[in-house]
Amino acid sequence: MHTTATVQQELAATFHRALTTRDWALLREIMVPEVVWTLPGDNAISGTAEGIDAVIARAQLIAGYGLNFALEHVLVSRHNMALGLHNTARRGDLVLDEHLATVCFPRDGRIVEIETYLSDLPGMNAFFARP
C-alpha cells in the first residue's frame with residue numbers, strides 16, 4: 001500500500017536522483033510544467049525560476065558547478081516533503097559547504113513548487129557569485 005508519506009519519500013528520492021545523475025528528462029517527468037523554484041541570496045542561482053524549462057536550466061547551472069548533493073534526510077509533513085542536503089564543492093579558492101532544506105510541494109504525485117532554505121547564505125553568494 002502506498003501511503004502519502006511513501007509517495008512523498010519516493011518523489012523526494014527521485015528528485016535527488018535526477019539532480020545527482022543529471023537526468024533532466026526525469027526532472028521533467030516529476031514536475032508540472034508551471035513549477036516554481038525559489039532560492040534565497042543574491043547570486044547567479046538565486047531568485048525564482050518559473051516554469052519547467054527555467055527550473056531545469058537552474059538545476060543544470062547548479063550541477064555545472066560540480067556540487068556534491070549528499071542526501072541526509074527526507075522529511076515529510078502532512079502534504080509536503082523536504083530534502084535535508086549537505087552540498088559541498090570547490091572552485092579555485094572558493095569552498096561551498098552548506099546544509100540546506102529543499103522543500104517540495106507536490107500535487108497529484110508531481111512537484112508544483114520548490115523552496116530552498118540555506119545554512120550559509122554569504123558562502124553561497126560567494127560561491128555562486130555573478131560573473
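In what order do the elements of the protein run from the N terminus on? The order is α-α-β-β-α-β-β-β-β-α, comprising four helices and six strands; helices (H or I, at least four residues) and strands (E, at least two) are DSSP runs numbered from the N terminus. The model is predicted, with local features requiring pLDDT of at least 70 and side-chain atom pairs pLDDT 80 or more, while totals for chains, interfaces and linings use all residues. Residues are numbered from 1 along each chain as its sequence is written, and side-chain values use heavy atoms, without hydrogens and water.

The C-alpha trace of the protein spans about 50 × 25 × 25 Å along its principal axes. The radius of gyration, taken over C-alpha atoms, is 14 Å, which agrees with the value near 14 Å for a compact globule of 131 residues (rule: 2.2 Å times the number of residues to the power 0.38). Of the 131 residues, 40% count as buried, that is, under 20% relative accessible area with a 1.4 Å probe, protein chains only. The protein exposes about 6900 Å², of which carbon and sulfur atoms supply 53% (Shrake-Rupley method, 1.4 Å probe). Among contacts (heavy atoms within 4.5 Å) with a separation of 6 or more, 47% come from residues 24 or more positions apart.

Threonine 14 lies in helix H1, which covers residues 4–21. This residue counts as buried because its relative accessibility is 14%. Apart from neighbours within four places in sequence, threonine 14 is in contact with Leu26 and Ile30.

Terms used. Buried < 20%, exposed > 50% of the residue type's maximum accessible area, 1.4 Å probe, protein only.
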